[in-house]
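Dear colleague,

Please find below the structure for your review. My notes on its aromatic side chains follow.

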Amino acid sequence: MKKRITINVDEVNRNVVSIWENPNNKDLNIHIAGGGGTFNANSLKELVAGTEEENYLPSDKHISIHNSPQSPENSMLKRTVKYANGKQDTSVQITGAIKTDNLYTPALFRICGDLCRDRYLLPELCGDEIISLGAYTPSRDQLRFMVVVSDKDKPFTPDNEHPSNDIMLAFSNFSVTIIWSYFNQPSHPHAIDFFLSTTRESGPVTGFDWWQIYNLYTDLYMACANEYFEVYGKNV
């Protein structure tokens with residue numbers, strides 16, 4: 001069964017992200033709500049500023065988490081963006097976090113757009129398992145979250161002193177933790193995604209300890225917040 005992470009907006013559940021386990025190989029598929037578009041910018045400032053909606057290319061995106069049985073040391077996370085024109089972009093993260101280091105790796109950091117938009121509505125007669133993050137008001141706040149992956153026997157260790165929330169989801173071979181918090185400025189129409197990728201030249205990335213995950217979350221949060229104030233001013 002698909003696990004669907006939702007949040008309540010104006011007393012209506014909205015889709016944040018969903019995770020489906022393939023029953024055949026136990027790989028995971030992390031899916032962002034469909035019907036959106038992709039804008040590839042050259043800088044964080046451009047991403048935060050966004051562009052006209054017609055410049056976003058219609059696309060569908062997902063991240064797959066592979067058990068990678070052919071490798072005793074590394075696992076693969078793969079981000080796929082399929083464009084409406086038939087083109088496709090992929091990037092991968094090869095990591096020893098799960099099999100070698102017994103630690104954690106980030107699969108996605110996302111600054112959500114305005115979840116009031118119709119494309120975030122849940123499907124009718126939705127039979128998925130619903131996990132709610134609570135409620136928020138997009139006209140007042142921005143929702144940010146990170147998806148963290150680890151071995152099924154190595155769930156993420158939360159720190160009550162970190163100013164964020166977290167939930168853990170159990171799958172056959174993986175633990176998935178959602179860390180989320182809010183930025184007290186109005187949500188924009190567009191979302192911003194970050195995916196940690198590797199190359200042949202860089203080699204596999206090592207695992208992150210729990211405090212390194214929190215540091216990365218905070219660094220991304222603050223970098224985007226600072227650019228937000230640079231682009232829009234501090235009196236928005």
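Tyr-214 is buried, with a relative accessible area of 3% (buried means under 20%, exposed over 50% and partly exposed in between, with a 1.4 Å probe and protein chains only). The model is a predicted one, in which local features need pLDDT of at least 70 and side-chain atom pairs count only at pLDDT 80 or more, while totals for chains, interfaces and linings use all residues. Residues are numbered from 1 along each chain as its sequence is written, and side-chain values use heavy atoms, with hydrogens and water left out.

The structure contains 12 aromatic pairs. Rings of Phe, Tyr and Trp (its six-membered ring) pair if their centres lie within 6.5 Å; planes under 30 degrees apart count as stacked, over 60 as edge-to-face and the rest as tilted. Tyr-136 and Tyr-182 are stacked, because their ring centres are 5.8 Å apart and their planes are at 25°. Tyr-136 is buried, at 6% relative accessible area, whereas Tyr-182 is partly exposed, at 27%.

Tyr-214 forms an edge-to-face pair with Phe-156, at 5.3 Å centre to centre and 70° between the planes. Phe-156 is likewise buried, with a relative accessible area of 7%.

Ring pairs also join Phe-183, Tyr-221, Tyr-228, Phe-229 and Tyr-232 into a cluster. The charged end of Arg-144 sits over the ring of Tyr-221, 4.9 Å from its centre, and Lys-3 lies over the face of Phe-171, 5.4 Å from the ring centre. A charge sits over a ring if NZ of Lys or CZ of Arg is within 6 Å of the ring centre and within 35 degrees of the ring normal.

Yours sincerely
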